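Biologist: Can you walk me through this one? Please keep it plain.

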Amino acid sequence: MKVLTHGVSVTYGDAAPALNDISVSLGGQEQVALIGPSGSGKSTLLRVLSMAQAPSGGSLQVDGENPWQLRTARLQRLRSRIHLCPQSASLPARQRVALAVLSGLLPTRSMLFALRSLISPARPDIDLAHGLLARLDVEQHLWRPVETLSGGQRQRVAIARAMAADAQILFADEPLSALDPSNAESCLVTLCRHSETRRQALVCSLHQVELARAHLQRVIGLRHGRVLFDCPAAELSDSMVDDLYRGHEAEIRA
Amino acid sequence: MTCIVGMKLKSEPDTTQLALRLRDPERIGRAWISFGVLLLLFASLAGSQFNPAILLDHDSLSTAADFFDTFWPPRSDADFLRRLFDASVVTVSIATVATVLAMIVATPLAVAITSRLSLSARGRRMKTPPRLLRGTLRGVLLFLRSVPELIWALLFVGVTGLGATAGIMGLLITNIGILAKNYAEIIESGEATVTGHMLDNGNGRCKTLLHATLPQCLPELLSYSIYRWECTLRTSVVLGFVGAGGLGQELLISIRQLASPEVFSIILVFVLLVSVADAISNSLRRQLSQSATQHADQTAGASDTDNDSGPSARWQGQLGKASSLLRRWGRPCLVGLAVLACFNAVDWQLEQWLRPSSFARTREFIQGFFPPDLSAGLWQRLAGDALETLSMAFAGTALASIVAIVLSYVLFIVNLRGAGLFVRLLTSALHLLQIVLRSVPELVWAMLLIIVAGIGPFTGTLALFLASVGVLSRLYSECLDNQDDAPLENLVANGSSLGLAPLWSTLMQARSQLISYSLYRWEHNLRAATLMGIVGAGGVGQELYLRLSVFQFDKVAACVVVIVVLVALADSISHFLRHRYAPTV
């Protein structure tokens, strides 16, 4: 699956554009980090790339098609091949963790699965959810409602849901924001390994520049809604990072 | 180091333990609950003699056709309309007067029963005498609100004869019970610290009430009172069925004469009245909540505006003040005038009430009530009636909940898609249906349905079902619309179909609220089911109506006891379920 943007921009009302003239190409099995100070447009770019939001200008091509010119059913089919894991984990509060993880499968499974799981999930599905949760070290909460979890636990459930999804590209918006440093690293490693074995592409926005450099292959730097650099992680130099975070030095974390 | 982090070393639990952990802990409970609900549903369908085939029966179809054929056009000559107008004025006046009087009586009672304002409970356990007093008062209030308005009105008609005053007394007594309880709940739901500090600093109860509790809760108290007025108006519409005046009386006469054009006009007036009351109550309550927030803003911004004092500015300030005064006090004054007009419009029948014979009749009445009849034969029949009443309420509510959830889910999905003209027409037709279903009271539905389905509990169940579909589908729709969109949007953005995604997000979030709406409705329907017998649609009301008409007061007392027990039971079961059972999926 290939996602291409050409000169994409997004404006909210009269404010300065959140994204300005963005041209990137993603896909294959590449693992990409999106870095930049807060307010630089990382979340908006992820939403545009994952077809959650139509761009105000420029063009978006997913597998050679413009998704926003398709009929709803076709658009949904295209969307079912990606998964977006938003920053504030948007899980219904009263949903139980097992079902929250399985909801990643909702787009690609049958109607029967959707109805049956609401009553009580099937055993193979429970095994699947439990296995994913165990890799993120939250499997003991399998049957608790999401609302009783802490922010960090909830975020790991959302990551497990993304891992459950049968998608070709995973988009994760700050998947580590509520985790402590050691947990953050192990979760990122788990996520990367998982997408490698499933041959998925992975695009995460991250605050932790060092983690991005260590575990992902390519880094895109966003500043004021523009791409400042787009290079292999190995070529990312300290001076590039300094330029990216100029005026936002406090935000850089190891 | 990072290579090791990925592969965590963990002691594997043995397989049986794992299997245990993987089993859905709620599966068995859920199976039991579904089984129980289904069993209850079938039992209640049987208990309410549910038999839709009656509706398609040839005889009933032809009677219905005869009656409903002449529905159109509604009767609209000036004479008849004038009569309807007068009856509507009486109906509105009865409701308004009863609500205002109940507000006045309920306020001190609410202050008396709330523990928030108890001095002896500050910092220790409440002393025994005040606790006993509060408990007794709460019990009395529970009794007052457990007997439905219409039954009180029926009893008062027995004492003072036909007329509006009996209706007012009936509405007044039940309203006192309901208002006092809810006022106390509102007072107790507010922030505890302000009131507590005032009491702890040595202020008396009155001062604390006036300076801490009331300023805090007044908007909410008024808002609830207005909502109560709306409910009272709905009940007041049917008071005429027991001879307590107003529109219901006109409807009763017209139905008895099988004059269907008149019936149709009256029903249109019902819908109009209830819709107008709904609109008025909504706009008043919106203004209340706005003025509450505005007031906070004004006090915050007051210091900046007082500074400039040029002559023109001062004049403009005065003009602004006048207009803001008008804006602030215009509507309250109008409401006050309307209330006064209502007090004026009511025929108080004072001489009838103060006549010595009325007193004598009251005494005879009360003496007749004690002791209630305890004979086995009567109680056997009453037990059957009670079961019938419970069945009607449960079957009506359960069926209505099912239909309402499907209806509101479909409407929600259709709105989500934002589709074309045909679908929009369909949704507005559904909205119109909702309005008609919920503005015609259950008893009126029952009267109309008797023509089709005949006398018996099936008719009552259908009536409860129809009215509940209207109310519940609207509440459900609002509830679904009010949920947080983020989970739904996320599911849709990840490619779930629009038809399924709300099932896994919106519906799941709304679920416990939907269940509690259904429980509230069940509570309401049980109350309504006790009254269905008055028009011959089954339940315990039939026995009561019969016994009252032949002046067997001890047997009436037994019926009242059954009704009180049923309503109080439903009250506490629904309260318990709403607070204890918050399900997850």
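Modeller: What follows goes through the two chains and the place where they touch.

Modeller: This is a predicted model, in which local features need pLDDT of at least 70, side-chain atom pairs count only at pLDDT 80 or more, and totals for chains, interfaces and linings use all residues. Residues are numbered from 1 along each chain as its sequence is written, and chains are lettered from A and ligands numbered from 1 in the order in which they are written.

Biologist: OK. How many helices and strands does chain A have?

Modeller: Chain A has nine helices and ten strands. Both kinds of element are DSSP runs numbered from the N terminus: helices are H or I with at least four residues, strands are E with at least two.

Biologist: And the radius of gyration of chain A, what is that next to a compact globule?

Modeller: Chain A comes out at 18 Å, which agrees with the value near 18 Å for a compact globule of 254 residues. The radius is taken over C-alpha atoms, and the globule rule is 2.2 Å times the number of residues to the power 0.38. The C-alpha trace of chain A spans about 50 × 45 × 35 Å along its principal axes.

Biologist: What share of chain A is buried?

Modeller: 46% of the 254 residues. Buried means 20 or more other C-beta atoms within 10 Å of the residue's own, exposed means 12 or fewer, and partly exposed is in between, with C-beta atoms placed from the backbone.

Biologist: Now the sheet. What is the strand order in chain A?

Modeller: The order is 6-7-8-4-9-10, an open sheet of six strands with mixed pairing. Two strands pair if DSSP finds at least two bridges between them. Strand 6 (82–85) and strand 10 (226–232) of chain A are the edges; each has a single partner strand, so one side of each has no neighbour in the sheet. On average, neighbouring strands are turned by 15° against each other, direction ignored.

Biologist: Which strands does strand 4 of chain A run parallel to?

Modeller: Strand 4 (residues 31–35) is parallel to strand 8 (residues 201–205) of chain A, with four bridges. Strand 4 of chain A is also parallel to strand 9 of chain A, again through four bridges. Val32(A) stands opposite Val203(A) in strand 8 and opposite Arg218(A) in strand 9.

Biologist: What about strand 9 with strand 10 of chain A?

Modeller: They pair in the antiparallel sense over six bridges, with Gly221(A) opposite Phe229(A) in strand 10. The two strands form a hairpin with two residues between them, where His224(A) takes a positive phi near 50°.

Biologist: Which strands does helix 1 of chain A lie across?

Modeller: Helix 1 (residues 42–49) lies across strand 4, strand 6, strand 7 (169–173), strand 8 and strand 9 (218–223) of chain A, at about 155° to strand 8. Axes are lines fitted to C-alpha atoms, for helices over the stretch in contact, and angles run from 0 to 180 degrees between N-to-C directions.

Biologist: Arg47(A), buried or exposed?

Modeller: Arg47(A) is buried, with 22 other C-beta atoms within 10 Å, and it is found in helix 1 of chain A. Leaving aside neighbours within four places in sequence, Arg47(A) is in contact with Ala52(A) and Gln53(A). Contact means that the C-beta atoms, placed from the backbone, lie within 7 Å.

Biologist: Over to chain B. How many helices and strands there?

Modeller: Chain B has 25 helices and zero strands. Of its 585 residues, 38% count as buried. The C-alpha atoms fill a box of roughly 95 × 75 × 65 Å, taken along the principal axes.

Biologist: Last one: how many residues of the two chains are in contact?

Modeller: 28 residues of chain B are in contact with 39 residues of chain A. On the chain B side, helix 21 gives the most, five residues.
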